[in-house]
Amino acid sequence: MRTTLQRHATNPPTGVRNLGILAHVDAGKTTVTERILYLTGTTHKRGEVHDGTTVTDFDPQERDRGITIFAAAVSCIWQEHRINVIDTPGHVDFSDEVERSLRVLDGAIAVFDAVAGVEPQSESVWRQADRHAVPRIAFVNKLDRAGADLDTAVASIRERLHTVPLVVQLPIGREDEFTGVVDLLRMRALVWGGGRDTVEEGPVPDSLRDEALRRRGLLEETVAELHPAALEEFCGEGSLSAATLASALRDLTLGGEGVVVLCGSAYRNRGIEPLLEAVVAYLPSPVDVPAVRGAHAGAVEERVADPGEPFAALVFKVNSTATGRLTYLRVYAGTIRKGDTVLDAGARRSERIGRILRVQADRHAEVDHAVAGDIVAVIGVKSARAGATLCAPAAPLVLEPPTSVAPVVSVAVEARSSLDTDRLASALARLVEEDPSLAVRTDPETGQTVLSGMGELHLEVAVEKIRRAHGLEIGVGRPQVAYRETVVRGVSGLVHRHVKQDGGAGQFAHVVLDVAALETPDDPSGGAAHFVFRSTVTGGRVPQEYVRAVESGCRDALAEGPLGGHPVTGVRVTLTDGATHPKDSSEMAFRTAGRFALREALRASVMALLEPVVELTATVPDDAVGGVLGDLAARRGRVSGQTARAGTAVVTATVPLAELFGYASRLRSRTQGRGTFTTRATGYAVVPAATAEAVLSA
């Protein structure tokens with residue numbers, strides 16, 4: 001392996017594919033990754049999730065829970081191409097791991113369950129990939145399961161993801177008789193079975209030839225409608241050649257106009273070879289994606305994926321291990337070598353690269369250098385955090401960091417022993433450094449240490465990680481959600497005059513504000529992003545620099561609302577008038593005036609409490625539906641849909657997050673252990689008056 005990795009250091013970026021595996025929890029992402037590693041010769045034994053023997057789910061908690069929690073990077077060689085794969089989590093609580101991974105990926109494989117089709121988290125990660133403009137191919141997995149149906153899964157992709165599925169395979173056999181696929185481009189049969197780990201190629205079975213020709217015709221028609229060059233050949237010849245079809249499929253994939261759909265059963269090792277061929281054929285190399293853009297000295301600069309360009313890389317993950325601090329990089333431009341000094345452009349701090357590692361989940365192979373397009377880990381970087389840009393000191397550049405949403409659930413944590421307080425503080429600091437979606441603060445009223453995250457499971461994993469890694473006994477309080485406050489009915493013409501005279505230069509600022517509700521107060525990110533400020537002051541009564549100071553003061557006031565001290569969102573503030581003093585007015589005075597004026601205006605406004613809500617999808621036996629619906633109603637849930645599926649019912653509802661603590665055990669109890677559920681964050685909603693009163697008085 002070491003020889004192969006060293007040789008790759010001189011390969012061009014055109015021979016690299018950086019891709020992620022995206023899916024809903026339990027759709028088979030990790031199994032697909034394991035089969036890719038096995039077929040490429042990277043591993044010599046097939047790992048299984050249920051046995052806890054997978055390469056990417058190496059953390060003890062992942063093996064105990066049977067789910068992916070932390071994004072894991074691996075690397076392999078297929079057809080002389082280096083394929084860097086990041087296996088991402090499928091649970092909604094760890095969507096921030098997916099976000100950071102997508103920021104550094106060039107392409108993705110979206111895995112779907114052939115029985116369930118598009119599931120809630122499948123849709124969420126698809127939208128995340130849309131925001132990053134990441135080209136994708138789809139793999140419909142688990143075709144060997146009872147109830148599996150490729151056409152139904154493809155229909156859900158078309159209807160729920162609003163994309164054009166380009167199906168290039170036809171299954172051979174149904175459910176447990178699924179043995180292979182018909183390749184519609186080359187019109188050949190690919191068959192697995194008989195204990196073989198390799199695929200056997202042959203002619204299309206006679207029983208499927210007519211159906212295969214029909215589907216090939218539909219594929220050609222769909223591609224011709226979307227691709228001008230293919231349309232020209234289709235109109236002239238009446239059909240498309242395999243070469244034209246493959247070229248058009250690649251163009252449509254790179255442009256995001258369609259998604260190539262393949263199928264198989266990763267668990268039975270069927271369909272992985274053509275999936276790897278599709279990765280090489282359709283997904284982009286680092287040189288096929290637009291040049292990365294960054295900022296320097298107020299100007300926007302671009303760096304292309306060329307080893308000869310000035311070095312630029314983005315830190316997307318930090319991990320503390322027994323061997324030291326690992327900093328994971330996506331190299332966008334240039335070359336980096338052991339011993340190089342690089343610049344943390346945001347912090348303006350120099351860092352030295354001690355070692356460069358090719359990553360295989362929790363195993364590493366050292367390399368001498370890395371070039372544009374590589375995903376590697378480095379040792380020696382002391383303080384760069386996720387989102388930081390490392391670049392050549394002579395050519396500084398700040399790349400756009402991954403976005404991170406605000407935490408929505410909090411718990412109070414404390415060490416059982418007062419002697420462990422400092423150790424707990426150190427452990428929490430390291431935890432937040434590794435996972436930016438976690439936050440730690442001290443409650444000013446109680447003095448408690450509060451840990452905040454994306455969900456109940458997220459916090460459970462974080463606390464357990466501290467217990468296992470540091471041997472600490474920790475007490476954990478009841479989870480609390482992150483409430484917000486918003487304006488229902490505002491005020492107009494609120495006058496505030498800030499005057500302070502205590503010797504020497506004084507402070508004077510006079511402002512008049514209108515405060516109103518925004519049309520869309522709920523904020524899915526959980527922050528105070530929905531705040532609009534404008535000024536209608538004329539005649540220079542308030543200079544522009546003081547207007548900006550008033551806006552800053554108003555933003556300061558949004559940190560604590562009048563109802564319960566929660567952050568305020570959904571506010572429109574208009575500065576309508578003001579006055580200055582020739583000597584005593586300053587930016588500080590107007591910032592103070594803006595802060596106190598908005599606080600006073602919010603106290604005079606009609607306010608409402610907002611709470612985070614989620615879309616819950618529960619799969620339960622038919623005989624338990626009544627009890628589950630009643631329980632959801634008791635939790636203030638609003639049922640939005642119910643469908644039947646092979647003896648079970650799939651119930652969709654919008655439920656306040658605060659009402660779902662402990663729901664997993666409740667659902668198991670009502671369904672004798674047969675019910676499952678998933679959630680997807682949808683934003684914030686107004687808390688009913690009676691509930692709000694109880695929350696604020698608690």
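Predicted model: local features only at pLDDT ≥ 70, side-chain atom pairs only at ≥ 80, totals over all residues.
A cavity is a set of grid points where a 1.4 Å probe fits but cannot get out.

The largest cavity has a volume of about 50 Å³ and is lined by Ala73, Val74, Ser75, Asn84, Arg358, Val359, Ile375 and Val376. These lining residues divide into 5 nonpolar, 2 polar and 1 charged. At least two residues of the lining are supplied by each of strand E2 (72-78), strand E19 (355-360) and strand E22 (375-379), with E2 giving the most, 3 residues.

In soluble globular proteins, nonpolar side chains tend to be buried together. The largest nonpolar core of the model holds 43 residues, of which Leu451, Ile466 and Leu632 touch the most other members. Two or more residues of this core come from each of strand E25 (409-415), helix H11 (421-434), helix H12 (456-470), strand E35 (606-621), helix H15 (625-634), strand E37 (648-656) and helix H16 (663-670), and the largest share, 6 residues, belongs to E35. When neighbours within four places in sequence are left aside, Ile466 is in contact with Leu424, Ala427, Leu428, Leu431, Gly471, Leu472 and Ile474. Apart from this core lies another, of 41 residues, which includes Ile21, Leu37, Leu219 and Val260.

Technical notes: Residues numbered from 1 in each chain as written. Heavy atoms only, no water. Core = buried A, V, L, I, M, F, W, Y, C linked by side-chain atoms within 4.5 Å. Buried < 20%, exposed > 50% of the residue type's maximum accessible area, 1.4 Å probe, protein only. Helix = DSSP H or I, 4+ residues; strand = E, 2+ residues; numbered from the N terminus. Contact = heavy atoms within 4.5 Å. 1 Å grid on protein atoms, 1.4 Å probe; cavity = no way out; pocket = protein on both sides within 12 Å on 5 of 7 lines; lining within 4 Å. Points joined across faces, edges and corners; volume = space filled by probe spheres on them. Nonpolar A, V, L, I, M, F, W, Y, C, P; charged D, E, K, R; others polar.
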